[in-house]
Amino acid sequence: MSYNEAPMIETTRLTLFPLTLDQVRLHIAGGTWLEDELGVRPGHREVTEPLLSIIKAFTIPFLQQPERQPIYDTIWVALDRELNQFVADMKFKGAPDDEQTVEIGYGTYPAFRQRGYMTEIVGGLTDWALSQPGINRVTAETALTNSASQAVLLTNQFSPFEQDDYVRWWERTRRG
């Protein structure tokens, strides 16, 4: 899949889509530059740590490498179509590995928490990923203290498969 054919994932309320390199730069620049560029109503979008460091250290350098698969390296945003505002970001943590697995990370902007967005986002992103050739498993990790994120994964049919003193790892595999 070329970056020019980037998917837009539609859920009940949201459109999820990957950002181009230039859009990622606008995303971290602050202000409303990304919203202005995309015709979206300014709101409560914010890029905080650790995501900001991840974008600077990995996302931007990876997006500059033409041999990589940008869909799996970039930041995705979730747009609430009714509000015409961004409510969350998510990302794959790289292309599918040798075991046909991708890992996802996600976060809702504080002003939009407790509205069910992340359950919808994780479901849409996971369903899309598991429909792609070469992906049979999606994983995620949560802090043991993050019960909200664990509930999102359980609702989306993820199962825990490993744990240490701080983190629990979750998986959902392709069915059938």
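Guide: In this predicted model, helix 1 (residues 21-29) packs against helix 3 at an angle of about 165°, and their axes lie 11 Å apart. Helices are DSSP runs of H or I of at least four residues, strands are runs of E of at least two, and both are numbered from the N terminus. Axes are lines fitted to C-alpha atoms, for helices over the stretch in contact, with angles from 0 to 180 degrees between N-to-C directions. Helix 1 is therefore roughly antiparallel to helix 3 (over 145 degrees; under 35 is roughly parallel, 65 to 115 roughly perpendicular, the rest oblique).

On the helix 1 side, the contact (heavy atoms within 4.5 Å) is made by Leu21, Val24, Arg25, His27 and Ile28. They meet Leu52, Ile55, Lys56, Thr59, Ile60 and Leu63 of helix 3. By class, seven of the residues in this contact are nonpolar, two are polar and two are charged (nonpolar: Ala, Val, Leu, Ile, Met, Phe, Trp, Tyr, Cys and Pro; charged: Asp, Glu, Lys and Arg; polar: the others, Gly among them).

The loop between helix 2 (33-38) and helix 3 holds proline 50. A cis peptide bond links proline 50 to glutamate 49, with omega at about 5°.

Helix 3 (51-63) also gives two or more residues to the lining of the largest pocket. A pocket is an open set of points on a 1 Å grid over the protein atoms alone where a 1.4 Å probe fits, with protein on both sides within 12 Å along at least five of seven lines; lining residues have an atom within 4 Å of a point. The lining of the largest pocket counts 37 residues, and Tyr106, Gly107, Thr108, Met118 and Asn146 lie nearest its centre. Of the lining residues, 18 are nonpolar, ten polar and nine charged.

Strand 5 contributes the most to this lining, namely six residues. The loop between strand 4 and strand 5 contains glutamine 100. Glutamine 100 is not a glycine, yet its phi is positive, at about 60°.

Helix 5 (117-130) and helix 6 (147-155) are among the other elements that give two or more residues to the lining. The axes of helix 5 and helix 6 come within 9 Å and cross at roughly 45°, so helix 5 is oblique to helix 6. In their contact, Met118, Thr119 and Val122 of helix 5 face Val152, Leu153 and Thr155 of helix 6. Four residues of that contact are nonpolar and two are polar, with no charged residues.

Residues are numbered from 1 along each chain as its sequence is written, and side-chain values use heavy atoms, leaving out hydrogens and water. Local features need pLDDT of at least 70 and side-chain atom pairs count only at pLDDT 80 or more, while totals for chains, interfaces and linings use all residues.
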